Amino acid sequence: PVSGTGSAGMEACLVNLLEKEDKVLTLVNGIFGQRMADISQRIGARVDTLEFEWGTPVNLDAVRKKLSDNKYKLVAAVHAETSTGVRNPVPEIGKLVRESGALFLVDAVTSLGGIPVNVDDWNIDALYSGTQKCLSCPPGLSPVTFSERALNVILNRVTKVPNWYLDLSMIIKYWEGKKRVYHHTAPVNMLYALYQALMLIFDEGLANVFERHRKVHEMLVNGLNRLGLEMLVDKPYRLPMLNAVKIPEKVDDEWFRGELRNRYKIEIGGGLGPLNGKIWRIGLMGYTAREENVEKLLTAFNDLLN
Ligand SMILES: Cc1ncc(COP(=O)(O)O)c(C=O)c1O
């Protein structure tokens with residue numbers, strides 16, 4: 001894992017795979033797609049973005065057209081867009097990207113440990129995640145993975161990676177090889193935490209963990225619907241671990257979330273960017289994805305809305 005939170009993993013993938021003037025396509029339907037484009041621009045890459053309405057998934061026809069009209073070194077997409085609750089169609093995007101010859105970079109910060117993430121089957125060349133979402137670990141590490149194709153690109157760069165701390169060509173010598181070379185002090189406390197978190201998932205069984213996320217999500221959505229609330233995202237693209245619900249017109253967003261925090265000790269997220277004041281984001285991630293939490297939240301919502 002990269003030492004640092006999910007954004008460090010994001011930055012590590014981009015600074016190592018991209019050089020100045022490289023052509024990149026970023027698929028944007030939320031904050032984290034925007035962040036990928038921002039980092040790519042800072043590297044000096046030539047960045048195209050395809051934008052989609054927040055709350056809707058990446059449209060495959062638009063991607064297909066863009067890839068047939070342009071040649072990219074890398075295409076970047078977010079699997080679970082935490083800012084909107086959308087699951088983007090990563091397997092289908094991966095197919096299109098592989099056919100185009102570009103590398104495929106995926107953000108799995110919120111998806112890993114909550115829904116399947118099949119890196120090789122989905123033609124993913126580079127992927128990063130984070131420890132504090134569905135892995136239920138403290139924040140501080142970003143698990144990353146690279147395909148042979150991506151590794152070749154990293155090892156055959158023309159210019160040095162501009163960021164010393166995240167330079168994988170140096171860190172690889174620390175991670176592997178007979179004679180390990182010190183690069184930076186590894187946050188070993190976090191490695192122990194991640195080990196333990198993964199063991200808990202292993203003990204429960206990955207399929208059971210996914211099923212638990214799915215079940216509590218369904219329970220939450222049914223409960224919210226009974227209270228007359230509507231979800232932002234169409235059913236096939238909803239994330240189980242991040243539930244975006246539309247705020248009813250008569251309800252004051254700040255007041256409602258404040259009451260939830262102070263009276264019920266429950267924190268939910270507000271809307272970001274264009275969805276600010278329009279949605280609430282309810283996380284059911286990892287350890288918190290439990291029926292008793294859904295029950296508690298629905299009781300609080302019922303009290304506050306009536
Ligand atoms: C999809 C996604 N990508 C990237 C990040 C950034 O991760 P971090 O906040 O751990 O740096 C987040 C954080 O919420 C995220 O949800």
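This is a predicted model: local features need pLDDT of at least 70, side-chain atom pairs count only at pLDDT 80 or more; totals for chains, interfaces and linings use all residues.

Reader: What makes a residue part of the lining of the largest pocket, and which residues are closest to its centre?
Author: A lining residue has an atom within 4 Å of a point of the pocket. For the largest pocket, with a volume of about 410 Å³, 21 residues line it, and those closest to the centre are Glu267, Ile268, Arg281, Ile282 and Gly283.

Reader: Why is the largest pocket said to lie between domain 1 and domain 2?
Author: Domain 1 (2-189) and domain 2 (206-305) both give residues to its lining, so the pocket lies between them.

Reader: Which element gives the largest share of that lining?
Author: Helix H10 does, with four residues. Strand S13 (279-283) and H10 (291-305) each supply at least two.

Reader: How many residues of the lining of the largest pocket are nonpolar, polar and charged?
Author: There are 11 nonpolar, five polar and five charged residues. Gly counts as polar, so Gly283, one of the residues closest to the centre, belongs to the polar class.

Reader: What lines the second largest pocket?
Author: Its space is about 310 Å³, and 16 residues line it, with Arg214, His217, Lys235, Arg238 and Pro240 nearest its centre. Helix H8 (residues 206-226) provides the largest share, seven residues. By class, six lining residues are nonpolar, five polar and five charged.

Reader: How many residues does each domain give to the lining of the second largest pocket?
Author: Domain 1 (2-189) and domain 2 (206-305) each contribute at least three.

How values were computed
Residues are numbered from 1 along each chain as its sequence is written. Side-chain values use heavy atoms; hydrogens and water are left out. On a 1 Å grid over the protein atoms alone, a cavity is a set of points where a 1.4 Å probe fits but cannot get out, and a pocket is an open set with protein on both sides within 12 Å along at least five of seven lines; lining residues have an atom within 4 Å of a point. Grid points are joined across faces, edges and corners, and a volume is the space filled by probe spheres set on the points. Domain bounds come from an automatic or database domain assignment.
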